Amino acid sequence: MGFSNFRDRLTKSRQTLTRGISQLFRGAELDDEDFDDLEDLLISADIGVAASHRIVEAAKKEAKNKSISSVESLNSIIHSEMLGALAACKTVAEIAGRPYVMLVVGVNGVGKTTSVAKIAKYFQQQGKSVMLAAADTFRAAAIEQIQTWGQRMEIPVIAQHQGADAAAVAHDALTSAKSRNVDLLLIDTAGRQHTHIDLMQQLKKITRVLGKVEEKAPHEIMQVLDATTGQNAVSQLKHFNEAVGVDSLCLTKLDGTAKGGVIVAIAHEFQLPIRFVGIGESAEDLRPFDAKSFVDALLMPASK
Ligand SMILES: Nc1nc2c(ncn2[C@@H]2O[C@H](COP(=O)(O)OP(=O)(O)OP(=O)(O)O)[C@@H](O)[C@H]2O)c(=O)[nH]1
Ligand SMILES: [Mg+2]
């Protein structure tokens, strides 16, 4: 799937923005009221209050120098401000330190297990050896779900039984990954709300136990966020980051939502690397995050 397809999946988010932007041009050029409308539009597209304000301030400043009289010129200001916000979070650590351990966390149903499978496939296609750990021992059928993905992709899955200690599964998996010398161990975990103290403690225990097997493990704690939840995703990140420290992000379900702008809000507020975005339910529907492709897909009309 090329860029045009990525762009297609972001249609709803783009339509919200581009329709709103073109409607601002009632008069010949933008006035203060139009700028207020622009700010409302950006906020309603989940770009966040702070980032929206910043974009509008930049547009106002530009308008002082020379009037903004076309959709294209306004678009290019928004485009460059969004890229600026996203630039802060573009660095992504390499998968180095065999086995590199990624612990995948997040609230219920955001797409953790599916993303683990997609990410496994992505690195497998890069020629890396991958192993999965079924450390969601909490939800019924969670182990079968990841085992099914593993079988389909011919990737080993280390699992115990439902109700087993998740930290013990993680421990087993890392020991096994070390002995088999795999490049990447991806650990799937149970969905949890930050208010669930026991489950948050369990995450800390998993990281402690991993650290005993391998000093630097987990090398990366990746939080999966569901883009369709908009500003709720921002608060999920805040809570998990406070509780366990989040190193990177995977934003899922960008297909079919008008809330894709939330990525800009998250970048503006947290400056964390966004490693991947999910744009569908199948194993191929994952892209390494690329700020420019994303902003292009969010703002550019079809002819560009
Ligand atoms: N459209 C779309 N659906 C997705 C995407 N990622 C995941 N899903 C769907 O979201 C649902 C939940 O996905 P899971 O991977 O089971 O989510 P989870 O976070 O592991 O859920 P729990 O383990 O119950 O907390 C499934 O129906 C997935 O197919 C995506 O990028 N786009
Ligand atoms: Mg799951």
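Q: Which are the buried residues of helix 9?
A: This is a predicted model. In helix 9, the buried residues are L203, I206 and L210. Each counts as buried because 20 or more other C-beta atoms lie within 10 Å of its own.

Q: What covers the buried residues of helix 9?
A: The cover includes two helices, helix 8 (166-179) and helix 10 (231-244). It also includes strand 1 (100-105), strand 2 (130-135) and strand 4 (184-189).

Q: How do you know that the reach of helix 9 is close to what is expected?
A: Helix 9 spans residues 197-213, which is 17 residues. At 1.5 Å a residue, 24 Å is expected. From first C-alpha to last, helix 9 reaches 25 Å. The two values are close.

Q: Why is V262 called buried?
A: V262 has 26 C-beta neighbours inside 10 Å. The cut-off is 20 or more. So V262 counts as buried. V262 belongs to helix 11 (residues 262-270). Leaving out residues up to four places away in sequence, V262 touches D46, A227, G230, Q231, A233 and V234.

Q: What makes strand 2 mostly covered?
A: 6 of its 6 residues are buried. V130, L132 and A134 point one way from strand 2. M131, A133 and A135 point the other way. Both sets are buried. In a regular strand the side chains alternate between the two faces of the sheet.

Q: How do you know that strand 2 pairs with strand 4?
A: Pairing needs at least two bridges. Strand 2 and strand 4 have 6 bridges, so they pair. The sense is parallel. A135 stands opposite T189 in strand 4.

Q: What makes strand 2 and strand 3 a pair?
A: 2 bridges join strand 2 to strand 3 (residues 157-158). At least two are needed, so these strands pair. They run parallel. L132 has V157 of strand 3 as its bridge partner.

Q: How many residues surround ligand 1, and which are the closest?
A: There are 21. The closest are G111, T113, T114, G191 and G278. By class, the shell has 3 nonpolar, 11 polar and 7 charged residues. Helix 6 (residues 112-125) gives the most, with 3 residues.

Methods
Residues numbered from 1 in each chain as written. Chains lettered and ligands numbered in written order. Predicted model: local features only at pLDDT ≥ 70, side-chain atom pairs only at ≥ 80, totals over all residues. Helix = DSSP H or I, 4+ residues; strand = E, 2+ residues; numbered from the N terminus. Expected span 1.5 Å × (residues − 1). Buried ≥ 20, exposed ≤ 12 C-beta atoms within 10 Å, placed from the backbone. Contact = placed C-beta atoms within 7 Å. Near = placed C-beta within 6 Å. Nonpolar A, V, L, I, M, F, W, Y, C, P; charged D, E, K, R; others polar.
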